Structure formats: structure tokens, C-alpha cells
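Me: I would like to learn how to read a few local features of a model, beginning with the backbone and moving on to rings and open spaces. Could you take me through them one at a time?

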Amino acid sequence: GDSVTQMEGPVTLSEEAFLTINCTYTATGYPSLFWYVQYPGEGLQLLLKATKADDKGSNKGFEATYRKETTSFHLEKGSVQVSDSAVYFCALSSSGGSYIPTFGRGTSLIVHP
Amino acid sequence: NAGVTQTPKFQVLKTGQSMTLQCAQDMNHNSMYWYRQDPGMGLRLIYYSASEGTTDKGEVPNGYNVSRLNKREFSLRLESAAPSQTSVYFCASSESGGRTDTQYFGPGTRLTVL
């Protein structure tokens with residue numbers, strides 16, 4: 001079945017540091033890939049997505065590239081801010097899962113001033 | 001445009017009590033979902049409704065029932081609450097349940113079962 005593996009947290013960074021959160025996947029069929037963000041006390045919201053190989057999703061300074069050869073979709077940001085502190089979820093949707101999204105377990109990011 | 005709304009926001013139950021969590025979306029989406037979120041477990045799908053009039057079990061359906069009342073509303077019922085059902089519950093919707101669909105989440109219901 002489909003699965004998503006993302007690095008365990010928490011990831012703790014100082015403001016303006018470079019961020020990478022790793023995400024790898026296993027999927028039956030051709031998946032779309034997503035990053036969702038959850039701010040404290042809120043529901044998840046879409047951060048970015050990519051629907052085909054080599055596509056780059058980007059939003060709010062975050063980027064992730066769909067790498068089919070390495071089955072990865074790593075999230076990056078060049079300079080994090082305190083306001084980026086949140087939990088980040090990698091997810092995929094494919095025919096193998098009847099297009100029901102499969103989520104990773106989430107990675108908590110804490111950014112200190 | 002409120003998106004996905006959930007009621008209540010917080011609830012405390014005693015073991016054996018029942019309750020219904022309400023969810024509504026105003027985006028004319030066909031597909032709706034109920035998840036629970038527990039520390040270290042990520043999101044787990046309880047039930048989903050691919051379209052009005054259909055419901056299907058997800059990964060952890062035991063102890064829950066759902067009703068897709070109409071296209072807008074999808075409720076989750078706990079008939080006899082157990083402490084293991086203490087969790088944060090999220091409702092979500094998507095346009096058609098397709099490969100590229102974005103899921104839109106409500107703010108969650110924080111449930112404690114004593």
C-alpha cells in the first residue's frame with residue numbers, strides 16, 4: 001500500500017536558518033504529492049503541492065520538488081521565521097489508495113528568535 | 001465563505017456517553033472525510049464519503065458511525081464513548097476526491113473521554 005515517511009522532530013532552528021524536512025514515499029500508481037502545515041490549535045492547510053515528476057511546488061518561501069527517481073518530496077526554505085513554527089505533514093494521493101490521501105506522521109518545527 | 005466548520009470545538013464526555021460531531025462545508029465539494037489526530041500517530045482516517053449518499057470505512061472505523069446528511073454536511077457519531085477515543089477530530093472536504101485534489105480542513109474538535 002501507499003506510505004509516507006518523514007523525518008521525526010522536533011526540528012529546532014534559529015531565525016533565518018535554512019530548513020530541510022525530508023519526505024520519501026511509496027505509492028502504487030502515479031501519485032500527487034503535498035505538504036500541509038498545521039499551526040497551533042488549528043486544522044491542516046495546504047502549503048504546496050506537485051502533481052507530476054520534476055514539478056516544483058512553492059508558497060510563502062517554501063519549496064519542494066517532486067523527485068520520482070528518488071521517490072522524495074523534501075521541503076525547503078532558505079530563511080525561516082518564528083512565525084513558521086508549526087507541524088508540517090507530507091502527503092500523497094494515488095490510485096493505489098483510491099485517491100484517499102496518505103499522510104506522514106508530521107514534523108514539528110520550532111524556530112527561536 | 002466559511003470553508004469547513006465543525007462543532008463543538010471542545011467536548012468532555014464520560015465513558016459510555018454518546019455524542020455527534022457536526023461538520024459542514026460551503027464549497028460545494030463532493031467528498032468529505034473524518035480523521036483523528038493523536039500524538040505521534042499523525043492523521044488516521046475514520047470514515048469518508050466520496051459523494052452524497054455514499055460512505056466508506058477508513059483505517060480506524062470501530063466505535064464510530066457517520067451520516068452524509070446532504071452534500072454540505074457529514075456527521076460523526078460516537079455511540080458509547082471510550083477513553084481510547086480521546087483525540088482531536090478533524091473533518092475535511094475535497095472537490096471530487098481525485099488525484100490532484102487539495103483537502104480543506106476544519107478547525108477540529110478536541111474530545112476528552114473520562
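Me: Where does Pro10(A) lie, and which residue does a cis peptide bond join to Pro10(A)?

Reply: Most residues other than glycine have a negative phi, and most peptide bonds are trans. Pro10(A) sits in the loop between E1 and strand E2 (11-14) of chain A, where strands are DSSP runs (E, at least two residues; helices are H or I, at least four) numbered from the N terminus. Its partner in the cis peptide bond is Gly9(A), with omega about 0°. In chain B, the bond from Thr7(B) to Pro8(B) is also cis, with omega near -5°, and Pro8(B) belongs to the loop between strand E1 (4-7) and strand E2 (10-13). Please keep in mind that this is a predicted model, in which local features need pLDDT of at least 70 and side-chain atom pairs count only at pLDDT 80 or more, while totals for chains, interfaces and linings use all residues. Residues are numbered from 1 along each chain as its sequence is written, chains are lettered from A and ligands numbered from 1 in the order in which they are written, and side-chain values use heavy atoms, with hydrogens and water left out.

Me: Which residues does Lys77(A) touch?

Reply: Contact means heavy atoms within 4.5 Å. Leaving aside residues up to four places away in sequence, Lys77(A) touches Ala17(A), Phe18(A), Leu19(A), Lys60(A), Gly61(A), Phe62(A) and Asp84(A). Lys77(A) belongs to strand E9 (residues 75-77) of chain A and is buried, at a relative accessible area of 9%. The side chains of Lys77(A) and Asp84(A) are joined by a polar contact of 2.7 Å, a term for a pair of N or O atoms within 3.5 Å, where within protein one must be able to donate a hydrogen and the other to accept it, and residues adjacent in sequence count only if both atoms are side-chain atoms.

Me: How many aromatic pairs are there over all chains?

Reply: A pair of aromatic rings is described by the distance of the centres and the angle of the planes. Rings of Phe, Tyr and Trp (its six-membered ring) pair if their centres lie within 6.5 Å, and planes under 30 degrees apart count as stacked, over 60 as edge-to-face and the rest as tilted. The count comes to 12 aromatic pairs over all chains. In one of them, Phe62(A) and Tyr88(A) have ring centres 5.6 Å apart and planes at 40°, so the pair is tilted. Because Phe62(A) lies in strand E8 (residues 62-65) and Tyr88(A) in strand E10 (residues 86-93) of chain A, this pair ties together parts that are 26 residues apart in sequence. Phe62(A) is buried at 1% relative accessible area, and Tyr88(A) is buried at 0%. The rings of Tyr33(B) and Tyr35(B), by contrast, are stacked, with centres 6.3 Å apart and planes at 25°. Tyr33(B) is buried at 2% relative accessibility, and Tyr35(B) at 1%. One aromatic cluster is formed by Phe34(A), Tyr36(A), Phe103(A), Tyr33(B), Tyr35(B), Tyr48(B) and Phe105(B).

Me: Which residues lie nearest the centre of the largest pocket?

Reply: On a 1 Å grid over the protein atoms alone, a pocket is an open set of points with protein on both sides within 12 Å along at least five of seven lines, whereas a cavity is a set of points where a 1.4 Å probe fits but cannot get out; lining residues have an atom within 4 Å of a point. The largest pocket is lined by 30 residues, of which Phe103(A), Gly104(A), Arg105(A), Met41(B) and Leu43(B) lie nearest its centre. The largest share of this lining, five residues, comes from E5(B).

Technical notes: Buried < 20%, exposed > 50% of the residue type's maximum accessible area, 1.4 Å probe, protein only.
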